[in-house]
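Visitor: I'd like to learn how to read a few features off a model. Can we go through them one at a time?

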Amino acid sequence: MNICFLTGKIVSDIEYKFVLNSRHITIAIFTLKVDEGCVIKVKAYDKMADWCYQKLVKGDFIAIEGKIDNRMEIKVRDIQIC
């Protein structure tokens with residue numbers, strides 16, 4: 001099973017897109033700075049993407065539960081603002 005838990009600070013603006021010809025309708029993309037300066041790309045889809053776009057801003061400190069894909073990007077399952 002592929003589950004990861006990360007905490008960090010959002011260091012980019014939340015990019016929100018509509019996706020055509022895909023099983024997902026919307027996507028929110030942002031980067032998260034975690035411990036020791038590592039920066040990770042985070043993607044949220046559909047309802048979670050909508051929530052991220054409405055509630056998150058650059059500089060927020062968050063906790064993420066997600067899944068690492070084959071491009072070493074995190075697909076979000078749940079987010080908490082700390």
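Predicted model: local features only at pLDDT ≥ 70, side-chain atom pairs only at ≥ 80, totals over all residues.

Visitor: Where does Met 48 lie?

Guide: Look at helix H1, residues 46-55; Met 48 lies there.

Visitor: How far apart are Met 48 and Val 76, in sequence and in space?

Guide: Along the chain, 28 residues separate Met 48 and Val 76, while their C-alpha atoms are 7.6 Å apart.

Visitor: On to the rings, then. How many aromatic pairs does a search of the whole structure find?

Guide: The search turns up two aromatic pairs. In one of them, the ring centres of Tyr 16 and Phe 18 are 5.6 Å apart and the planes sit at 80 degrees, so this pair is edge-to-face. The cut-off for that label is an angle over 60 degrees.

Visitor: Which residues do the ring pairs link into a cluster?

Guide: The cluster consists of Tyr 16, Phe 18 and Tyr 53.

Visitor: And are Tyr 16 and Phe 18 buried or exposed?

Guide: Tyr 16 is partly exposed, at 26% relative accessible area. Phe 18 has a relative accessible area of 63%, so it is exposed; the cut-off for exposed is over 50%.

Visitor: Now backbone angles. Which residue other than glycine has a positive phi?

Guide: Glu 36 is one of them: its phi is about 65 degrees, and it is not a glycine. You'll find Glu 36 in the loop between E3 and strand E4 (39-45). It counts as exposed because its relative accessibility is 74%.

Visitor: What is the phi of Met 72?

Guide: Met 72 is not a glycine either, and its phi is positive, near 60 degrees. Its place is in the loop between strand E5 (61-68) and strand E6 (74-81). With 62% relative accessibility, Met 72 counts as exposed.

Visitor: Last topic, charge. Which residues gather in a patch of positive charge on the surface?

Guide: That patch brings together Arg 23, Lys 67, Lys 75 and Arg 77. Patch residues need over 30% relative accessible area and no salt bridge, and like charges are joined within 9 Å.

Visitor: Where does Arg 23 lie, and is it buried or exposed?

Guide: Arg 23 sits in the loop between strand E2 (15-18) and strand E3 (26-33). Its relative accessibility is 73%, so Arg 23 counts as exposed.

Technical notes:
Residues numbered from 1 in each chain as written. Heavy atoms only, no water. Patch = residues over 30% accessible without salt bridge, like charges linked within 9 Å, V, L, I, M, F, W, Y side chains within 5 Å. Areas by Shrake-Rupley, 256 points an atom, 1.4 Å probe, with all protein chains shown as cover. Salt bridge = Lys/Arg side-chain N within 4 Å of Asp/Glu carboxyl O. Lys, Arg positive; Asp, Glu negative; His and termini not counted. Charge placed at Lys NZ, Arg CZ, Asp CG, Glu CD. Helix = DSSP H or I, 4+ residues; strand = E, 2+ residues; numbered from the N terminus. Buried < 20%, exposed > 50% of the residue type's maximum accessible area, 1.4 Å probe, protein only. Phe/Tyr/Trp six-rings, centres within 6.5 Å; stacked < 30°, edge-to-face > 60°.
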